[in-house]
Amino acid sequence: MASKRRLRRKACTGKVRFDTAQAAQAAATAACRRAHAWIVAYGCRFCGGHHIGHPPKNVRYAIKARRERIGS
């Protein structure tokens with residue numbers, strides 16, 4: 001089991017911290033367009049800010065399924 005210090009270091013070190021969800025979402029949208037990849041904004045439980053990153057595979061599948069239901 002990983003220590004809490006190690007989890008926090010891995011969660012926040014080297015990542016850009018956004019103060020608002022709107023700023024993080026704008027950066028995620030721009031990064032999606034630039035990289036042509038799945039990138040989402042999320043709230044960090046350690047620093048209280050927001051970061052952007054690639055979502056886990058199960059989240060990608062849920063987003064894709066939701067889009068298909070809305071589109072049909």
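**Figure 1. Contacts across the chain and the overall build of the predicted model.** Among the contacts in the protein with a separation of 6 or more, 49% join residues 24 or more positions apart, where contact means heavy atoms within 4.5 Å. This is a predicted model, in which local features need pLDDT of at least 70 and side-chain atom pairs count only at pLDDT 80 or more, while totals for chains, interfaces and linings use all residues. Residues are numbered from 1 along each chain as its sequence is written, and side-chain values use heavy atoms, with hydrogens and water left out. The protein has three helices and two strands, which follow one another from the N terminus as α-α-β-β-α; helices (H or I, at least four residues) and strands (E, at least two) are DSSP runs, numbered from the N terminus. The radius of gyration, taken over C-alpha atoms, is 14 Å, whereas a compact globule of 72 residues would have a value near 11 Å, by a rule of 2.2 Å times the number of residues to the power 0.38. Along its principal axes, the C-alpha trace spans about 45 × 30 × 20 Å.

Figure 2. His 51 belongs to strand E2 (residues 50-53) and is buried, with a relative accessible area of 1%. Here buried means under 20% relative accessible area, exposed over 50%, and partly exposed in between, with a 1.4 Å probe and protein chains only; by this count, 19% of the 72 residues of the protein are buried. A polar atom of the side chain of His 51 lies 2.9 Å from the backbone oxygen of Val 16. When neighbours within four places in sequence are left aside, the residues in contact with His 51 include Ala 11, Cys 12, Lys 15, Val 16, Arg 17 and Phe 18, as well as Val 40, Tyr 42 and Cys 44.

**Figure 3. The salt bridge between Arg 17 and Asp 19.** The structure holds one salt bridge, a term for a side-chain nitrogen of Lys or Arg within 4 Å of a carboxyl oxygen of Asp or Glu. In this salt bridge the side chains of Arg 17 and Asp 19 meet at 3.0 Å, N to O. Arg 17 is partly exposed, with a relative accessible area of 44%, whereas Asp 19 is exposed, with a relative accessible area of 62%.

**Figure 4. Cysteines without a disulfide.** A disulfide is a covalent bond between the sulfur atoms of two cysteines, and the search counts a pair of cysteine sulfur atoms within 2.5 Å. Across the whole structure this search finds zero disulfides. The sulfur of Cys 32 is too far for a bond, because the closest cysteine sulfur, in Cys 44, is 19 Å away. Cys 44 is likewise in no disulfide, and the nearest cysteine sulfur to it, that of Cys 12, is 3.4 Å away. Cys 32 counts as partly exposed at 24% relative accessibility, while Cys 44, at 9%, counts as buried.

**Figure 5. Ala 37 in the loop between helix H2 and strand E1.** Ala 37 is found in the loop that lies between helix H2 (21-35) and strand E1 (40-43), and at 27% relative accessibility Ala 37 counts as partly exposed. Not counting residues up to four places away in sequence, Ala 37 touches Cys 32 and His 54. The C-alpha atoms of Ala 37 and His 54 are separated by 8.1 Å, although these residues are 17 residues apart along the chain.

Technical notes
A polar contact is a pair of N or O atoms within 3.5 Å; within protein, one must be able to donate a hydrogen and the other to accept it, and residues adjacent in sequence count only if both atoms are side-chain atoms.
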